[in-house]
Amino acid sequence: MAKHVIIGAGSIGTNVARLLAERGESVRIVTRSGSGPEHPLVDRVAADASDPSRLTELSRGAEVIYHCANPPSYTVWERLLPPLQTAAITAAKANDAVLALTGSLYAYGPQPGGRMNEHTPMAATGHKGRLRRHMWEQALAGGIRTVEVRGSDYIGKDANGIYSLLIKSALQKGKAAWITGHLDMPHTFTFNGDMAQALITLASEEGAWGRPWHVPSAPAVTIRELARRYAAAAGRPPVKLIQIPRSVTRTAGLIVPIAREMAEMDYQWYAPFHMDATETAETFGLTATDLDTAVRNEVS
């Protein structure tokens with residue numbers, strides 16, 4: 001038995017596992033491949049976490065279940081996320097465990113001035129945002145102790161984000177980076193290590209259960225400024241950024257499924273996008289990692 005069970009070994013699940021193990025806590029991490037960080041206190045199990053019976057069995061004795069799994073492609077969200085959520089709720093209820101959910105800002109949809117705090121209404125009209133809203137409402141109705149921790153786009157080591165997808169290769173090859181989004185709009189980025197710390201902290205706080213919270217994150221910066229900091233951290237000249245016209249990605253979405261899914265969310269990148277986590281920070285004493293520290297963590 002493990003005190004903590006983690007679903008998913010992406011950058012968030014891996015960070016949660018490492019932080020817990022470094023504190024001397026026993027951890028079980030469940031993935032289809034049996035992947036995860038190597039540590040004497042981390043038990044890596046290959047299993048289908050969307051199987052309620054199997055996940056319930058693997059969660060025996062757990063105090064907290066951390067749902068950190070996120071399919072890599074938008075095109076499979078509707079098929080893969082609901083079974084994972086149902087299994088996680090089932091396992092938490094059967095084992096009287098707290099369910100800590102890795103959330104996002106998608107459920108809010110576009111907001112006036114691009115500003116969101118912990119009490120912003122979930123008003124998304126796109127299907128991915130509606131799915132995220134439904135999943136949180138399902139957890140609240142599940143008769144369990146639960147909390148959802150919401151962050152913005154991730155930066156940090158092994159994060160699946162703007163650096164790994166758009167900037168890294170261009171920076172290493174000395175070529176231009178093609179960017180889908182406005183280069184000079186402020187945008188909040190969340191350090192994946194801060195998300196992991198927030199999940200662990202809020203899962204253990206009874207006062208946090210039953211509502212969503214935001215991860216304290218560094219002040220919003222533009223893509224242009226973030227790219228400059230990545231180049232500085234790597235000791236390389238600034239990479240040239242080329243903004244892909246919004247109409248191009250919208251047109252591509254007519255025939256390319258992943259482009260269509262990305263176009264649904266592109267409002268985040270063509271207007272200011274500010275996540276306010278003031279209440280979370282003041283209530284639980286959490287602070288954001290300095291942006292340059294997070295950037296160096298990802299580049300190193």
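1. Seven strands make up an open sheet with parallel pairing, in the order E3-E2-E1-E4-E5-E7-E11. Strands (E, at least two residues) and helices (H or I, at least four) are DSSP runs numbered from the N terminus, and two strands pair if DSSP finds at least two bridges between them. E3 (42-46) and E11 are the edge strands, each with a single partner, so one side of each lacks a neighbour in the sheet.

2. The model is predicted: local features need pLDDT of at least 70 and side-chain atom pairs pLDDT 80 or more, whereas totals for chains, interfaces and linings use all residues. Residues are numbered from 1 along each chain as its sequence is written, and side-chain values use heavy atoms, without hydrogens and water.

3. E4 (residues 64-67) pairs with E5 in the parallel sense over four bridges; His-67 has Leu-101 of E5 as its bridge partner. H4 packs on the sheet, in contact (heavy atoms within 4.5 Å) with E5, E7 and E11.

4. Glu-148, in strand E7, is buried at 8% relative accessible area. Beyond four places in sequence, the residues that Glu-148 touches include Trp-136 and Leu-101.

Methods. Buried means under 20% relative accessible area, exposed over 50%, partly exposed in between (1.4 Å probe, protein chains only). Axes are lines fitted to C-alpha atoms, for helices over the stretch in contact, and angles run from 0 to 180 degrees between N-to-C directions.
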